[in-house]
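This report is meant for a reader who is meeting the structure for the first time. Please keep the sequence and the 3D view at hand while reading.

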Amino acid sequence: MNDPAGPGRAPAGDSRGYYRRMQSAIEELLILKGVVTADEVAREVAAMARRGPERGARFVARCWVDPAFKAQALADGAAAAEALGLEVGPLRLVVVENTPDTHNVVVCTLCSCYPRMLLGIPPEWYKARAYRSRVVREPRAVLAEFGTAIPDGVRIRVHDSTADMRYLVLPMRPAGTEGWDEARLAALVTRDSLIGVGLPGAGPQRDQPRRNQMADTIRKLAYFALQAPDKPGEGARILEALRGAGVNLVAFSGFPSGRKAQIDLVPEDAAALKAAAKHLKLKLGAAKTCFVIHGDDRVGALTDTFARLAEAKIGIVASQAVTAGMGRYGAIFWVKPRDANKTAKLLSAT
Amino acid sequence: MSAEAAAARYRPGDRVRVRAVHPPGHVRTPWYCRGHTGVIERLCGAFANPEELAYNRPGLPAQPLYRVRFRAVDLWPDYREDRADVVEIEIYQHWLEEAR
(Lines give C-alpha, C1' and ligand atoms only; values in the text may rest on other atoms or scores of the structure.)
Protein backbone atom coordinates (compact mmCIF):
# COMPACT_ATOMS: atom_id res chain seq x y z
CA MET A 1 0.00 0.00 0.00
CA ASN A 2 1.39 3.42 -0.85
CA ASP A 3 1.91 5.82 1.99
CA PRO A 4 0.66 9.23 0.88
CA ALA A 5 3.42 10.75 3.00
CA GLY A 6 6.05 9.04 0.84
CA PRO A 7 8.44 6.21 1.58
CA GLY A 8 9.64 5.93 5.13
CA ARG A 9 7.38 8.57 6.60
CA ALA A 10 4.31 7.23 8.29
CA PRO A 11 1.29 9.46 8.24
CA ALA A 12 0.33 10.73 11.67
CA GLY A 13 -1.65 8.16 13.57
CA ASP A 14 -0.54 5.29 11.32
CA SER A 15 -1.38 2.30 13.44
CA ARG A 16 0.67 -0.24 11.47
CA GLY A 17 3.65 -1.51 13.38
CA TYR A 18 7.14 -0.17 12.84
CA TYR A 19 8.28 -3.17 10.82
CA ARG A 20 5.25 -3.10 8.54
CA ARG A 21 5.94 0.53 7.74
CA MET A 22 9.60 -0.24 7.17
CA GLN A 23 8.65 -3.12 4.87
CA SER A 24 6.38 -0.85 2.80
CA ALA A 25 9.08 1.79 2.62
CA ILE A 26 11.74 -0.69 1.45
CA GLU A 27 9.36 -2.20 -1.09
CA GLU A 28 8.57 1.23 -2.49
CA LEU A 29 12.22 2.20 -2.68
CA LEU A 30 13.16 -1.04 -4.47
CA ILE A 31 10.41 -0.35 -7.00
CA LEU A 32 11.31 3.35 -7.39
CA LYS A 33 14.97 2.48 -7.92
CA GLY A 34 14.06 -0.14 -10.51
CA VAL A 35 15.55 -3.08 -8.58
CA VAL A 36 12.25 -4.95 -8.86
CA THR A 37 8.92 -4.08 -10.41
CA ALA A 38 5.62 -4.07 -8.56
CA ASP A 39 4.53 -6.75 -11.00
CA GLU A 40 7.45 -9.01 -10.04
CA VAL A 41 6.65 -8.59 -6.35
CA ALA A 42 3.00 -9.45 -6.97
CA ARG A 43 3.93 -12.48 -9.10
CA GLU A 44 6.34 -13.82 -6.47
CA VAL A 45 3.80 -13.34 -3.68
CA ALA A 46 1.21 -15.22 -5.76
CA ALA A 47 3.71 -18.00 -6.51
CA MET A 48 4.53 -18.30 -2.80
CA ALA A 49 0.85 -18.54 -1.94
CA ARG A 50 0.37 -21.32 -4.52
CA ARG A 51 3.06 -23.55 -3.02
CA GLY A 52 1.89 -25.68 -0.14
CA PRO A 53 3.02 -28.60 2.02
CA GLU A 54 1.62 -31.13 -0.47
CA ARG A 55 4.93 -30.66 -2.33
CA GLY A 56 6.87 -31.81 0.73
CA ALA A 57 4.37 -34.64 1.21
CA ARG A 58 5.04 -35.92 -2.33
CA PHE A 59 8.76 -35.82 -1.63
CA VAL A 60 8.38 -37.88 1.55
CA ALA A 61 6.03 -40.41 -0.05
CA ARG A 62 8.62 -41.02 -2.79
CA CYS A 63 11.32 -41.53 -0.13
CA TRP A 64 9.10 -44.14 1.52
CA VAL A 65 8.60 -46.20 -1.65
CA ASP A 66 11.95 -45.73 -3.40
CA PRO A 67 15.15 -46.46 -1.42
CA ALA A 68 17.40 -45.05 -4.16
CA PHE A 69 15.46 -41.79 -4.13
CA LYS A 70 15.68 -41.67 -0.34
CA ALA A 71 19.45 -42.12 -0.49
CA GLN A 72 19.66 -39.24 -2.95
CA ALA A 73 17.34 -37.12 -0.77
CA LEU A 74 19.56 -37.61 2.28
CA ALA A 75 22.71 -36.83 0.27
CA ASP A 76 21.39 -33.80 -1.63
CA GLY A 77 17.80 -32.81 -0.87
CA ALA A 78 17.51 -30.10 -3.50
CA ALA A 79 18.75 -32.34 -6.32
CA ALA A 80 16.29 -35.02 -5.26
CA ALA A 81 13.41 -32.52 -5.23
CA GLU A 82 14.34 -31.34 -8.72
CA ALA A 83 14.50 -34.96 -9.89
CA LEU A 84 10.91 -35.33 -8.69
CA GLY A 85 9.92 -32.29 -10.76
CA LEU A 86 9.65 -29.98 -7.75
CA GLU A 87 11.37 -26.79 -8.76
CA VAL A 88 13.25 -25.47 -5.73
CA GLY A 89 15.36 -22.60 -7.09
CA PRO A 90 18.49 -21.86 -5.05
CA LEU A 91 17.27 -23.89 -2.07
CA ARG A 92 19.94 -25.88 -0.16
CA LEU A 93 17.99 -28.63 1.47
CA VAL A 94 19.08 -30.85 4.35
CA VAL A 95 16.72 -33.80 4.80
CA VAL A 96 16.79 -35.18 8.35
CA GLU A 97 15.43 -38.66 8.90
CA ASN A 98 13.39 -39.79 11.88
CA THR A 99 14.32 -43.25 13.12
CA PRO A 100 13.11 -45.41 16.01
CA ASP A 101 15.69 -43.70 18.24
CA THR A 102 15.87 -40.15 16.87
CA HIS A 103 13.20 -37.51 16.30
CA ASN A 104 13.98 -34.33 14.37
CA VAL A 105 12.36 -30.93 14.71
CA VAL A 106 13.12 -27.72 12.83
CA VAL A 107 13.15 -24.11 14.01
CA CYS A 108 14.74 -20.82 13.02
CA THR A 109 15.53 -19.06 16.30
CA LEU A 110 16.81 -15.94 14.54
CA CYS A 111 13.89 -15.27 12.20
CA SER A 112 11.64 -17.64 10.24
CA CYS A 113 13.81 -19.54 7.72
CA TYR A 114 11.61 -22.28 6.28
CA PRO A 115 11.73 -24.51 3.18
CA ARG A 116 9.08 -22.42 1.42
CA MET A 117 9.78 -24.03 -1.95
CA LEU A 118 8.56 -27.33 -0.49
CA LEU A 119 6.15 -26.28 2.28
CA GLY A 120 4.79 -22.91 1.17
CA ILE A 121 4.34 -20.07 3.60
CA PRO A 122 5.21 -20.86 7.22
CA PRO A 123 2.40 -20.98 9.77
CA GLU A 124 2.13 -18.10 12.23
CA TRP A 125 3.32 -20.16 15.18
CA TYR A 126 6.56 -21.04 13.39
CA LYS A 127 7.41 -17.34 13.27
CA ALA A 128 6.25 -16.65 16.83
CA ARG A 129 8.73 -15.92 19.59
CA ALA A 130 7.18 -18.58 21.82
CA TYR A 131 7.97 -21.44 19.44
CA ARG A 132 11.38 -20.09 18.43
CA SER A 133 12.62 -19.55 21.96
CA ARG A 134 11.10 -22.61 23.59
CA VAL A 135 11.67 -25.48 21.17
CA VAL A 136 15.46 -25.33 21.62
CA ARG A 137 15.12 -25.37 25.43
CA GLU A 138 12.23 -27.75 26.05
CA PRO A 139 11.39 -29.55 22.79
CA ARG A 140 9.34 -32.32 24.42
CA ALA A 141 7.15 -29.85 26.26
CA VAL A 142 6.55 -27.91 23.03
CA LEU A 143 5.82 -31.06 21.02
CA ALA A 144 3.39 -32.20 23.70
CA GLU A 145 1.46 -28.99 23.16
CA PHE A 146 1.14 -30.01 19.50
CA GLY A 147 -0.25 -33.35 20.68
CA THR A 148 2.98 -35.14 19.80
CA ALA A 149 4.43 -37.42 22.46
CA ILE A 150 8.06 -38.50 22.03
CA PRO A 151 8.73 -41.78 23.84
CA ASP A 152 11.44 -41.97 26.52
CA GLY A 153 14.76 -43.08 25.13
CA VAL A 154 14.22 -41.33 21.80
CA ARG A 155 16.79 -38.60 21.28
CA ILE A 156 15.55 -35.26 19.95
CA ARG A 157 17.62 -33.39 17.39
CA VAL A 158 16.57 -29.77 17.11
CA HIS A 159 17.80 -28.13 13.91
CA ASP A 160 18.26 -24.38 14.17
CA SER A 161 18.02 -23.07 10.61
CA THR A 162 20.31 -20.10 11.11
CA ALA A 163 22.08 -19.67 7.79
CA ASP A 164 22.00 -20.98 4.21
CA MET A 165 20.44 -24.43 4.72
CA ARG A 166 16.77 -25.27 4.89
CA TYR A 167 15.44 -28.40 6.60
CA LEU A 168 12.80 -31.00 5.90
CA VAL A 169 12.00 -33.80 8.31
CA LEU A 170 11.61 -37.23 6.75
CA PRO A 171 9.11 -38.89 9.12
CA MET A 172 8.97 -42.64 9.64
CA ARG A 173 6.50 -44.43 7.44
CA PRO A 174 3.47 -45.32 9.58
CA ALA A 175 2.94 -48.99 10.34
CA GLY A 176 0.15 -50.71 8.45
CA THR A 177 0.75 -48.86 5.19
CA GLU A 178 2.46 -51.73 3.37
CA GLY A 179 1.47 -51.82 -0.29
CA TRP A 180 0.00 -48.31 -0.30
CA ASP A 181 0.69 -46.25 -3.41
CA GLU A 182 2.48 -42.91 -3.29
CA ALA A 183 -0.63 -40.75 -3.53
CA ARG A 184 -2.25 -42.52 -0.61
CA LEU A 185 0.94 -42.28 1.44
CA ALA A 186 1.36 -38.59 0.61
CA ALA A 187 -2.10 -37.91 2.02
CA LEU A 188 -0.81 -39.05 5.44
CA VAL A 189 2.02 -36.55 5.45
CA THR A 190 1.00 -33.39 7.25
CA ARG A 191 2.81 -30.09 7.20
CA ASP A 192 3.52 -30.41 10.91
CA SER A 193 5.15 -33.80 10.42
CA LEU A 194 7.53 -32.21 7.89
CA ILE A 195 8.55 -29.59 10.47
CA GLY A 196 8.80 -32.25 13.15
CA VAL A 197 6.13 -31.02 15.55
CA GLY A 198 3.70 -33.70 14.35
CA LEU A 199 3.73 -37.27 13.10
CA PRO A 200 2.28 -38.42 9.78
CA GLY A 201 -1.28 -39.59 9.88
CA ALA A 202 -1.37 -39.28 13.66
CA GLY A 203 -2.73 -36.99 16.30
CA PRO A 204 -5.58 -34.57 15.85
CA GLN A 205 -4.63 -33.97 12.23
CA ARG A 206 -5.74 -37.42 11.20
CA ASP A 207 -9.29 -36.79 12.29
CA GLN A 208 -9.44 -33.41 10.62
CA PRO A 209 -6.93 -33.61 7.80
CA ARG A 210 -7.50 -30.17 6.32
CA ARG A 211 -9.06 -28.37 9.20
CA ASN A 212 -6.06 -28.19 11.48
CA GLN A 213 -3.43 -28.00 8.83
CA MET A 214 -3.49 -24.25 8.54
CA ALA A 215 -5.20 -23.19 11.69
CA ASP A 216 -7.18 -20.00 11.41
CA THR A 217 -7.46 -17.62 14.31
CA ILE A 218 -11.12 -17.00 15.01
CA ARG A 219 -11.99 -14.21 17.41
CA LYS A 220 -15.32 -13.27 18.93
CA LEU A 221 -15.26 -9.48 19.06
CA ALA A 222 -17.48 -6.60 20.02
CA TYR A 223 -18.51 -4.21 17.28
CA PHE A 224 -20.26 -0.89 17.44
CA ALA A 225 -22.57 0.60 14.84
CA LEU A 226 -22.96 4.27 14.21
CA GLN A 227 -25.28 6.17 11.91
CA ALA A 228 -23.91 8.77 9.54
CA PRO A 229 -25.43 10.89 6.79
CA ASP A 230 -25.29 9.07 3.44
CA LYS A 231 -23.04 11.56 1.70
CA PRO A 232 -19.47 11.73 0.38
CA GLY A 233 -16.73 12.21 2.95
CA GLU A 234 -18.47 10.69 5.98
CA GLY A 235 -16.33 7.56 6.03
CA ALA A 236 -13.18 9.61 5.64
CA ARG A 237 -14.28 11.99 8.41
CA ILE A 238 -14.94 9.19 10.89
CA LEU A 239 -11.79 7.25 10.05
CA GLU A 240 -9.72 10.42 10.23
CA ALA A 241 -11.10 11.17 13.69
CA LEU A 242 -10.39 7.63 14.91
CA ARG A 243 -6.90 7.71 13.44
CA GLY A 244 -6.23 10.97 15.25
CA ALA A 245 -7.38 9.32 18.47
CA GLY A 246 -5.07 6.34 17.86
CA VAL A 247 -7.91 3.81 17.69
CA ASN A 248 -6.87 0.65 15.88
CA LEU A 249 -9.62 -1.18 14.01
CA VAL A 250 -9.70 -4.90 13.29
CA ALA A 251 -12.45 -4.43 10.73
CA PHE A 252 -14.62 -1.69 9.29
CA SER A 253 -17.66 -1.81 7.11
CA GLY A 254 -20.21 0.68 5.87
CA PHE A 255 -23.44 0.31 3.96
CA PRO A 256 -26.67 2.22 3.25
CA SER A 257 -29.35 1.87 5.89
CA GLY A 258 -32.67 3.57 5.16
CA ARG A 259 -31.85 7.16 4.22
CA LYS A 260 -28.63 7.12 6.19
CA ALA A 261 -25.49 5.04 6.23
CA GLN A 262 -24.52 2.57 8.93
CA ILE A 263 -20.90 2.17 9.82
CA ASP A 264 -19.73 -0.82 11.84
CA LEU A 265 -16.50 -0.49 13.77
CA VAL A 266 -14.66 -3.52 15.15
CA PRO A 267 -11.98 -2.14 17.46
CA GLU A 268 -8.90 -3.94 18.75
CA ASP A 269 -9.68 -2.35 22.11
CA ALA A 270 -13.36 -1.65 22.77
CA ALA A 271 -12.68 0.60 25.76
CA ALA A 272 -10.34 2.78 23.70
CA LEU A 273 -12.95 3.15 20.96
CA LYS A 274 -15.67 4.04 23.45
CA ALA A 275 -13.49 6.64 25.14
CA ALA A 276 -12.47 8.13 21.79
CA ALA A 277 -16.07 8.15 20.52
CA LYS A 278 -17.21 10.01 23.60
CA HIS A 279 -14.49 12.58 23.13
CA LEU A 280 -15.22 12.90 19.40
CA LYS A 281 -18.99 13.02 19.98
CA LEU A 282 -19.59 9.96 17.80
CA LYS A 283 -22.77 8.23 18.88
CA LEU A 284 -22.01 4.52 19.06
CA GLY A 285 -24.65 1.85 19.33
CA ALA A 286 -24.46 -0.81 22.05
CA ALA A 287 -21.75 -3.45 21.76
CA LYS A 288 -22.81 -6.36 19.58
CA THR A 289 -20.95 -9.49 18.62
CA CYS A 290 -19.20 -10.46 15.43
CA PHE A 291 -16.55 -13.02 14.48
CA VAL A 292 -13.28 -12.21 12.77
CA ILE A 293 -11.08 -14.82 11.10
CA HIS A 294 -7.44 -14.48 10.14
CA GLY A 295 -5.59 -17.26 8.41
CA ASP A 296 -3.24 -18.46 5.74
CA ASP A 297 -4.79 -17.86 2.35
CA ARG A 298 -5.54 -21.04 0.39
CA VAL A 299 -8.18 -22.42 -1.91
CA GLY A 300 -11.45 -22.89 -0.02
CA ALA A 301 -10.16 -21.08 3.08
CA LEU A 302 -13.61 -20.34 4.53
CA THR A 303 -15.28 -23.55 3.43
CA ASP A 304 -14.57 -25.67 6.50
CA THR A 305 -15.61 -22.94 8.93
CA PHE A 306 -18.91 -22.40 7.14
CA ALA A 307 -19.49 -26.13 6.81
CA ARG A 308 -19.13 -26.52 10.57
CA LEU A 309 -21.66 -23.75 11.16
CA ALA A 310 -24.00 -25.43 8.69
CA GLU A 311 -23.64 -28.79 10.45
CA ALA A 312 -24.54 -27.09 13.72
CA LYS A 313 -27.54 -25.42 12.03
CA ILE A 314 -26.21 -21.94 12.76
CA GLY A 315 -27.26 -19.39 10.15
CA ILE A 316 -24.89 -16.66 9.04
CA VAL A 317 -26.54 -13.24 8.98
CA ALA A 318 -23.85 -11.54 6.91
CA SER A 319 -20.25 -12.13 5.89
CA GLN A 320 -17.37 -10.50 4.05
CA ALA A 321 -13.95 -11.88 3.24
CA VAL A 322 -10.92 -10.53 1.47
CA THR A 323 -7.36 -11.68 0.87
CA ALA A 324 -4.80 -9.57 2.62
CA GLY A 325 -1.77 -10.18 0.39
CA MET A 326 1.40 -11.90 1.63
CA GLY A 327 -0.52 -15.17 1.74
CA ARG A 328 -3.02 -14.11 4.39
CA TYR A 329 -6.76 -13.58 4.38
CA GLY A 330 -9.34 -12.11 6.70
CA ALA A 331 -13.08 -12.60 7.06
CA ILE A 332 -15.84 -11.26 9.22
CA PHE A 333 -19.23 -12.77 9.83
CA TRP A 334 -22.25 -12.19 12.00
CA VAL A 335 -24.72 -14.66 13.50
CA LYS A 336 -27.96 -14.11 15.40
CA PRO A 337 -27.27 -12.98 19.00
CA ARG A 338 -28.74 -16.21 20.38
CA ASP A 339 -26.19 -18.22 18.32
CA ALA A 340 -23.14 -16.21 19.35
CA ASN A 341 -21.97 -18.31 22.29
CA LYS A 342 -22.67 -21.57 20.49
CA THR A 343 -20.64 -20.31 17.52
CA ALA A 344 -17.75 -19.25 19.73
CA LYS A 345 -17.65 -22.65 21.39
CA LEU A 346 -18.00 -24.59 18.13
CA LEU A 347 -15.12 -22.72 16.46
CA SER A 348 -12.98 -22.37 19.60
CA ALA A 349 -13.08 -18.63 19.10
CA THR A 350 -10.88 -16.64 21.45
CA MET B 1 34.46 -24.46 -3.84
CA SER B 2 35.82 -21.54 -5.79
CA ALA B 3 39.11 -19.76 -5.22
CA GLU B 4 37.03 -17.09 -3.51
CA ALA B 5 36.34 -19.47 -0.62
CA ALA B 6 38.43 -19.73 2.53
CA ALA B 7 39.85 -23.22 3.11
CA ALA B 8 37.85 -25.42 5.48
CA ARG B 9 39.76 -25.88 8.74
CA TYR B 10 37.49 -28.43 10.45
CA ARG B 11 36.23 -31.88 9.69
CA PRO B 12 33.23 -33.83 10.94
CA GLY B 13 33.87 -34.99 14.50
CA ASP B 14 36.20 -32.09 15.39
CA ARG B 15 35.41 -30.33 18.64
CA VAL B 16 34.92 -26.61 18.20
CA ARG B 17 34.05 -23.69 20.44
CA VAL B 18 31.90 -20.80 19.27
CA ARG B 19 33.61 -17.48 19.86
CA ALA B 20 32.09 -15.62 22.79
CA VAL B 21 32.01 -12.22 21.12
CA HIS B 22 29.14 -9.87 20.50
CA PRO B 23 29.78 -7.71 17.47
CA PRO B 24 27.01 -5.43 16.22
CA GLY B 25 25.39 -5.92 12.81
CA HIS B 26 23.63 -8.70 10.93
CA VAL B 27 25.05 -11.73 12.74
CA ARG B 28 23.71 -15.23 12.09
CA THR B 29 25.24 -16.89 15.15
CA PRO B 30 22.59 -17.23 17.87
CA TRP B 31 23.55 -15.81 21.25
CA TYR B 32 22.68 -19.00 23.09
CA CYS B 33 25.54 -21.00 21.54
CA ARG B 34 28.28 -18.40 21.88
CA GLY B 35 31.09 -19.61 24.13
CA HIS B 36 29.78 -23.19 23.96
CA THR B 37 31.56 -26.25 22.66
CA GLY B 38 30.15 -28.68 20.14
CA VAL B 39 31.16 -31.14 17.45
CA ILE B 40 31.23 -30.57 13.69
CA GLU B 41 28.35 -32.57 12.20
CA ARG B 42 29.04 -31.73 8.57
CA LEU B 43 30.49 -29.14 6.24
CA CYS B 44 27.67 -27.54 4.23
CA GLY B 45 29.84 -25.74 1.65
CA ALA B 46 31.12 -22.18 1.53
CA PHE B 47 28.88 -19.12 1.44
CA ALA B 48 29.36 -15.39 1.15
CA ASN B 49 29.55 -13.93 4.65
CA PRO B 50 26.06 -12.63 5.56
CA GLU B 51 27.56 -10.09 7.96
CA GLU B 52 29.09 -8.42 4.89
CA LEU B 53 26.26 -9.11 2.45
CA ALA B 54 23.85 -7.29 4.73
CA TYR B 55 25.80 -4.11 4.06
CA ASN B 56 25.97 -4.65 0.32
CA ARG B 57 29.56 -5.84 0.39
CA PRO B 58 30.59 -8.98 -1.53
CA GLY B 59 31.23 -11.10 1.57
CA LEU B 60 34.27 -12.76 0.03
CA PRO B 61 36.19 -14.91 0.55
CA ALA B 62 33.22 -17.20 1.11
CA GLN B 63 33.17 -18.74 4.57
CA PRO B 64 32.91 -22.47 5.09
CA LEU B 65 29.60 -23.18 6.82
CA TYR B 66 29.31 -26.05 9.28
CA ARG B 67 26.52 -27.71 11.15
CA VAL B 68 27.69 -27.91 14.75
CA ARG B 69 26.05 -30.32 17.16
CA PHE B 70 25.68 -29.24 20.78
CA ARG B 71 24.37 -31.30 23.66
CA ALA B 72 21.26 -29.60 24.99
CA VAL B 73 22.57 -30.05 28.54
CA ASP B 74 25.71 -28.13 27.58
CA LEU B 75 23.71 -25.21 26.16
CA TRP B 76 21.21 -25.08 29.02
CA PRO B 77 22.51 -25.92 32.49
CA ASP B 78 18.92 -26.32 33.68
CA TYR B 79 17.86 -28.59 30.79
CA ARG B 80 15.16 -30.89 32.16
CA GLU B 81 14.49 -33.27 29.26
CA ASP B 82 16.52 -36.20 27.89
CA ARG B 83 20.29 -35.86 28.40
CA ALA B 84 20.88 -37.32 24.92
CA ASP B 85 19.01 -34.46 23.18
CA VAL B 86 21.02 -32.24 20.84
CA VAL B 87 20.67 -28.91 19.07
CA GLU B 88 22.37 -28.52 15.70
CA ILE B 89 23.19 -25.04 14.47
CA GLU B 90 24.71 -23.69 11.25
CA ILE B 91 27.82 -21.67 12.05
CA TYR B 92 30.32 -19.98 9.74
CA GLN B 93 33.99 -20.85 10.16
CA HIS B 94 35.08 -17.38 11.31
CA TRP B 95 32.95 -17.90 14.43
CA LEU B 96 34.67 -21.14 15.38
CA GLU B 97 37.89 -21.97 17.18
CA GLU B 98 39.45 -25.29 18.02
CA ALA B 99 38.35 -26.73 21.36
CA ARG B 100 40.49 -29.01 23.46
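The model described here is predicted. Chain A contains 16 helices and 10 strands, and of its 350 residues 30% count as buried. Among the contacts in chain A with a separation of 6 or more, 66% are accounted for by residues 24 or more positions apart.

**Strand pairs**

| Strand pair | Sense | Bridges |
|---|---|---|
| β1(A) and β4(A) | parallel | 5 bridges |
| β5(A) and β7(A) | antiparallel | 6 bridges |
| β6(A) and β7(A) | antiparallel | 8 bridges |
| β3(A) and β4(B) | parallel | 4 bridges |
| β1(B) and β5(B) | antiparallel | 3 bridges |

Within chain A, strand β4, residues 166-170, has 5 of its 5 residues buried, and it is therefore largely enclosed by the rest of the structure. In a regular strand the side chains alternate between the two faces of the sheet. In β4(A) both faces are covered, with Arg166(A), Leu168(A) and Leu170(A) buried on one side and Tyr167(A) and Val169(A) buried on the other. Leu170(A) is also the bridge partner of Glu97(A), and the strand β1(A) that pairs with β4(A) spans residues 93-97.

Strand β7(A), residues 260-267, pairs with β5(A), residues 217-229, and Leu265(A) in β7(A) stands opposite Phe224(A). Strand β7(A) also pairs with β6(A), residues 249-257, where Ala261(A) in β7(A) stands opposite Pro256(A). The hairpin formed by β6(A) and β7(A) has 2 residues between the strands, and in this hairpin Gly258(A) takes a positive phi near 60°.

**Where the two chains meet**

At the contact between the chains, 17 residues of chain A are in contact with 18 residues of chain B. On the side of chain B that touches chain A, the elements that give two or more residues are β2 (37-47) and β4 (86-92) of chain B, and β4(B) gives the most, with 6 residues. Sorted by class, this side of chain B has 11 nonpolar and 7 charged residues, but no polar ones.

Strand β4(B) is joined to β3(A), residues 155-160, by bridges, and Val87(B) in β4(B) stands opposite Val158(A). Both strands belong to an open sheet of 7 strands with mixed pairing, whose order is β2(A)-β3(A)-β4(B)-β3(B)-β2(B)-β1(B)-β5(B). Its edge strands, each of which pairs on one side only, are β2 (102-107) of chain A and β5 (96-98) of chain B. On average, and with direction ignored, neighbouring strands of this sheet are turned by 35° against each other. Towards the chain B end of the order, Val18(B) has Leu96(B) in β5(B) as its bridge partner.

**A loop residue in chain A**

Leu86(A) lies in the loop between α5 (77-83) and β1 of chain A.

Definitions and conventions. Residues are numbered from 1 along each chain as its sequence is written. Chains are lettered from A and ligands numbered from 1 in the order in which they are written. This is a predicted model: local features need pLDDT of at least 70, side-chain atom pairs count only at pLDDT 80 or more; totals for chains, interfaces and linings use all residues. A residue is buried if 20 or more other C-beta atoms lie within 10 Å of its own, exposed if 12 or fewer, and partly exposed in between; C-beta atoms are placed from the backbone. Two residues are in contact if their C-beta atoms, placed from the backbone, lie within 7 Å. Ala, Val, Leu, Ile, Met, Phe, Trp, Tyr, Cys and Pro count as nonpolar, Asp, Glu, Lys and Arg as charged, and the others, Gly among them, as polar. Two strands pair if DSSP finds at least two bridges between them. Axes are lines fitted to C-alpha atoms, for helices over the stretch in contact, and angles run from 0 to 180 degrees between N-to-C directions.
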